[in-house]
Amino acid sequence: MSCNLKINIIFELSYHTNMASIRFTLRSRLNKNVPIKIRLIDGRKLDIQTNSGFAINPKDWSDSTNLPKNTIDSNKKLIKELKKLESFVYDKLNTDMARKVLIDKFWLENSIKECFNRIEKSDSDMLINHIQHIIDTADTRIIKGSSRIGLSSNRVKGYITFRNLVEEYEKVIKKKIHFADINNVFVEKLTKWLLNTKKYSVNYSGKQIDNIKTTCLDAETSGLFSNPYFRQIKRFKENNEDRYIQTLSFDEINKIRDTEIKLKSLINAKKWILLGCELGQRISDLFSVEKTDLRYNNSNGNAYIDIIQQKTKKSVTIPVSEIALDIIENDMPYIVSTQKLNEHMKEVCKIAGIDEVVEGKKPNSETKRKELGLYPKYELITTHSLRRSFATNYYKKIPTPILMNITGHSKESTFLEYINQREDKDANADLFLEKLKSIKNTNEPKLRLVKNE
């Protein structure tokens, strides 16, 4: 027999489940290491095969066990690796079939890479590069769950901040971060760095961890490999009990309205405070309001403003109160930077006597981080307080769905979390009984005495 004669010998090791089976196939020439292939079969629906990444000389293969001969250490290790691969593929198959993932040769190849962490790293697999890709394509991105296109300017700013943060962390760990690196150990270390080293708040740190997951998901959608662990990443945030929300009550708003202010910049801030507490919108949406946006109902004399919220792109109709209407019609405040407005608002509240000592978080000028303490209330008032004041003041006075339609919240749970309230189930039950009583009184038949003729 010529030594050049090619002979194909196939040895198979099969594992069976109720549906699919895995077979390790050895195609070989005599006296030469050859690849061990893995073949995945599921009836007539599926039959795919690819290299497992392992090789063996046919003389070291056992026909009786359909495994490498258990004679030398290298063969013993190979047996363990084949069994490990078989178990991993089965587990991943069950998970991905339930998620309706396409099972094909590409899937099988990636499963092998995942099992043995054989991911080839490239520039396109770098976390920082994909974040930049999202920023560069922001204006053409379709918003998830809608037909809208283009990320908001605030979301783009958020990605830029996230990119800068990742660049800083890469300098700390002295390596570039690839998607394959993002596992539970990586997330734990990054979380500790955000909270303990950078001293970021719980909510801000949780948002950055959530950005990791979002970027990994986007990369996977683009066809890049992401460590499957990213799906287990969970965003964390402060408990409601740990949140310190500052709002202005009706009495405090009246004190501000009745307080005489002389400085032009503070008069301007006073108007923004009154508008924000009356209209219930984010400051970015307040800044977009103009006199020409007013819409009047001739039949009842009411005034409205229709806007599309910049952050959520949600269309809302705002009822305009007399106080807000007077400001918008006669003397709209001018726009300043949010930072400057926050400073002026604090000064207005101080002059108005909003100085009750309350517990809250205030930025430390040296550490640039918020610190919990007791402060005069005016020191804690910011533009974020305005919309929350509207929602808090009218909660339980106006039906929650109506308030949500004005503030733009889609879920009641989110609305209640926003104002740091728990759902009052007793109040809901009382309202139901009250309405039920009203319905019964309306529909109850009335007896009428009929005189016999």
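1. Leaving aside its neighbours within four places in sequence, Ser385 is in contact (heavy atoms within 4.5 Å) with Gln246, Thr247 and Leu380. Ser385 belongs to helix H12, residues 384-394, where helices (H or I, at least four residues) and strands (E, at least two) are DSSP runs numbered from the N terminus. With a relative accessible area of 3%, Ser385 is buried; buried means under 20% relative accessible area, exposed over 50%, and partly exposed in between, with a 1.4 Å probe and protein chains only.

2. A word on the basis of these notes: this is a predicted model, in which local features need pLDDT of at least 70 and side-chain atom pairs count only at pLDDT 80 or more, while totals for chains, interfaces and linings use all residues. Residues are numbered from 1 along each chain as its sequence is written, and side-chain values use heavy atoms, with hydrogens and water left out.

3. For the chain as a whole, the protein has 15 helices and 11 strands, and buried residues make up 41% of its 453 residues. Among the contacts in the protein chain with a separation of 6 or more, 56% are accounted for by residues 24 or more positions apart.

4. Strand E2, residues 21-26, is largely enclosed by the rest of the structure, because 5 of its 6 residues are buried. Although Ile22 and Leu40 are 18 residues apart in sequence, their C-alpha atoms are 4.8 Å apart in space. Strand E2 pairs with strand E3, residues 34-42, in the antiparallel sense over 6 bridges, two strands being paired if DSSP finds at least two bridges between them. Within this pairing, Thr25 stands opposite Lys37 in E3.

5. How far apart are the end C-alpha atoms of helix H1, residues 73-98? They are 38 Å apart, which agrees with the 38 Å that its 26 residues should span at 1.5 Å a residue, the expected span being 1.5 Å times one less than the number of residues. The buried residues of H1 include Leu78, Leu82, Leu85 and Val89, and also Glu86, Lys92 and Asp96. Just after H1, Lys100 takes a positive phi of about 60°.

6. Lys174 also has a positive phi, near 60°, in a residue other than glycine. Lys174 is placed in the loop between helix H4 (153-173) and helix H5 (184-197), and at 75% relative accessibility it counts as exposed.

7. Two packed helices are described by the angle between their axes and the distance between the axes. For helix H7 (residues 250-258) and helix H8 (residues 264-279), the axes come within 10 Å and cross at roughly 150°; axes are lines fitted to C-alpha atoms, for helices over the stretch in contact, and angles run from 0 to 180 degrees between N-to-C directions. On the H7 side Ile253, Ile256 and Arg257 take part, and they meet Lys270, Ile273, Leu274 and Cys277 in H8. These residues divide into 5 nonpolar, no polar and 2 charged, where Ala, Val, Leu, Ile, Met, Phe, Trp, Tyr, Cys and Pro count as nonpolar, Asp, Glu, Lys and Arg as charged, and the others, Gly among them, as polar.

8. An open sheet of 3 strands has the order E7-E8-E9, with antiparallel pairing. Strand E7 (294-296) and E9 stand at the edges, each with a single partner strand, so one side of each is left without a neighbour in the sheet. The twist averages 35° from one strand to the next. E7 is joined to E8 by 3 bridges, and Arg295 stands opposite Tyr304 in E8.

9. Strand E8 (residues 303-308) and E9 are joined by 5 bridges and run antiparallel, with Ser315 in E9 as the bridge partner of Ile308. E8 and E9 form a hairpin with 6 residues between them, and Lys313 in the turn has a positive phi of about 60°. Lys313 is partly exposed, with a relative accessible area of 36%.

10. In a regular strand the side chains alternate between the two faces of the sheet. Strand E9, residues 315-319, has a covered face, formed by Val316 and Ile318, and an uncovered one with Ser315, Thr317 and Pro319.
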